[in-house]
Structures are given as C-alpha cells and as structure tokens.
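Here is a short tour of some aromatic rings and the pocket beside them. Take a look at the model first, then read on.

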Amino acid sequence: MATVIIKRLAKSPFVLITVLVTLAAFSFTPRFPFKSFRNSLQQQVQRLFTVEELALYNGTDDTLPILLGILGSVFDVTKGKSHYAVGGGYHHFSGRDASRAFVSGNFTGDGLTDSLRGLSSTEVKSIVEWREFYFRSYTFVGKLVGRYYDSEGNPTKSLKGVEAKAARGTQLLEKQKKEEAKQPSCNSRWSQGEGGEVWCDDGFPRLVQRPLEIALTGKMSKRCACFKEDQLSETGLEVYEGCDYLSKTCRV
C-alpha cells in the first residue's frame with residue numbers, strides 16, 4: 001500500500017515536494033514540552049524581588065520599568081508613568097512596598113513602610129482593596145521577599161493575618177449596616193454661611209453610639225438617628241446640645 005502511494009506521489013512532483021518540505025520542517029522544529037513551557041511562565045509571573053532589587057525600579061532610570069509593591073505583590077505601573085515617575089504625585093510608592101501609606105497618607109520617612117501594625121480592620125480592608133485595584137489595573141510581575149512572602153514566594157503568617165483581618169472588617173461593616181438600617185439615619189446638610197443641621201422627617205434626631213465602630217476603627221463614634229416619641233426613653237440616646245427635646249431639627 002505504501003509503495004503504491006509513493007509511486008503516485010512520484011508522478012506529481014509538486015505534491016511530493018510539498019510533503020517533503022512539511023516533514024522536514026516538522027523534523028527540525030524544536031520541541032518544548034507543555035509542562036516545561038508552563039513552568040517557564042510561572043517562573044516569570046512568580047519572579048521574586050529583594051528590597052534592594054525593587055528599589056532599582058523607582059522611576060529614576062528611563063531604561064527600566066516602574067514597579068511598586070503592596071502587601072508584597074509587585075506591579076508594573078509604567079503605563080502610569082506620569083503619576084509614578086519622578087515628579088509624579090505617586091512617585092513615593094515607586095520602587096518599594098509602602099502599603100501603610102495607602103491609608104495613613106504619610107508619604108515621608110517611616111510612613112513609607114509595609115508594616116500595618118496598629119491599623120484598624122477597616123484600614124487594613126482598604127489596603128487589601130487597593131491591592132485588588134492594582135491587580136485589575138496593572139500587570140502583576142512578582143512578589144517581594146520579606147514581610148508577606150518568604151524566599152520561595154509562599155505567603156507568610158503576616159499576609160494571612162492581614163487578609164483575615166480585612167475579611168473580619170468586611171463582616172463587621174455588613175453587620176453594622178444591617179443594625180443601623182433598623183433605625184433610620186437623620187437627614188443632614190451643611191453650608192459655610194449657615195453651618196450644619198440635622199433633621200428627621202419622621203421622628204426626632206438623637207445621637208447614638210455605634211458599638212461596632214471600636215472593632216472596626218479602634219475608636220468610638222456616634223451617628224444621628226431618628227427615633228419615634230415612644231422610643232426616646234431608651235438608654236444611650238443623646239439630645240443635641242441646644243436642641244429642644246421634641247424638636248425635629250437641630251443645629252450642629
């Protein structure tokens with residue numbers, strides 16, 4: 001059978017040449033196993049940086065991309081060069097992991113650190129959300145070895161703790177929203193000339209503590225809520241200073 005096919009091909013030089021060229025090309029095509037190729041890609045994506053290496057990509061060298069770290073994840077922000085290069089408003093983030101500064105607003109000295117010690121659940125949650133922003137908006141290029149990733153690129157206890165605290169913050173915020181939805185908030189407005197005022201369309205304005213706020217922010221705070229007359233004897237309700245007991249509008 002093979003002999004017959006060869007004889008037929010021999011009668012058609014064009015077909016025979018095409019087949020031979022194809023076979024030759026196949027024979028000399030380098031073979032890269034898929035597994036090896038996949039591992040190569042992973043190594044690229046999982047590139048590990050030291051603090052010193054990351055510092056080289058701070059936007060002062062035009063031949064290098066601009067990188068920044070947040071919670072140990074490193075991103076290429078070169079496409080935002082106008083913001084991250086020298087003179088840009090966010091240049092202080094380039095070439096380092098300054099996670100804390102994303103919520104502290106301290107862009108100098110010790111403020112440019114990856115330590116989140118002492119931050120509240122909502123602040124940590126905000127930083128995790130910033131990291132998600134960079135994953136959506138820029139190219140993830142690797143990990144920074146140190147506080148959040150070990151020398152093999154594995155998450156450390158610090159990173160797991162940060163993510164757990166952020167998740168707890170999300171749960172507490174949802175719980176607080178549900179609790180506060182049971183008691184409607186006051187309307188409010190403020191103007192430079194007249195100052196501020198709060199009022200209730202149905203009920204009377206009272207200041208009430210937000211019990212979950214300590215767990216969320218580390219501070220106690222109050223909000224203005226509207227209570228009906230038969231609720232005004234409840235404990236913990238505070239009348240605004242200078243406001244009548246049954247007034248529906250109070251100056252603040």
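## Rings that pair up

Rings of Phe, Tyr and Trp (its six-membered ring) count as a pair if their centres lie within 6.5 Å; planes under 30 degrees apart are stacked, over 60 edge-to-face, and the rest tilted. By that rule there are 16 aromatic pairs here. One of them is Phe-93 with Phe-102, a stacked pair at 4.2 Å centre to centre and 20° between the planes. Phe-93 is buried, at 5% relative accessible area, and Phe-102 is buried as well, at 11%. Buried means under 20% relative accessible area, exposed over 50%, and partly exposed in between (1.4 Å probe, protein chains only).

A word on where this comes from: the model is predicted, so local features need pLDDT of at least 70 and side-chain atom pairs count only at pLDDT 80 or more, while totals for chains, interfaces and linings use all residues. Residues are numbered from 1 along each chain as its sequence is written, and side-chain values use heavy atoms, with hydrogens and water left out.

## A tilted pair and a cluster

Now for Trp-130 and Tyr-134, a tilted pair with 6.4 Å centre to centre and 35° between the planes. They sit four residues apart in helix 7 (residues 121-137), so about one helical turn separates them. Helices here are DSSP runs (H or I, at least four residues), numbered from the N terminus. Trp-130 is partly exposed at 33%, whereas Tyr-134 is buried at 2%.

Both belong to one aromatic cluster, along with Phe-75, Tyr-84, Tyr-90, Phe-93, Phe-102, Phe-107, Phe-133, Phe-135, Tyr-138 and Phe-140.

## Charges over rings

A charge sits over a ring if NZ of Lys or CZ of Arg is within 6 Å of the ring centre and within 35 degrees of the ring normal. Lys-79 does this with Tyr-138, at 5.2 Å from the ring centre. Arg-206 has its charged end over the ring of Tyr-245, 4.8 Å from its centre.

## The pocket

What lines the second largest pocket? Its lining includes His-83, Ala-101, Phe-93, Phe-102, Trp-130 and Tyr-134. A pocket is an open set of points on a 1 Å grid over the protein atoms alone where a 1.4 Å probe fits, with protein on both sides within 12 Å along at least five of seven lines; lining residues have an atom within 4 Å of a point.

Helix 5 (81-84), helix 6 (101-104) and helix 7 each give two or more residues to this lining, and helix 7 gives the most, with three.
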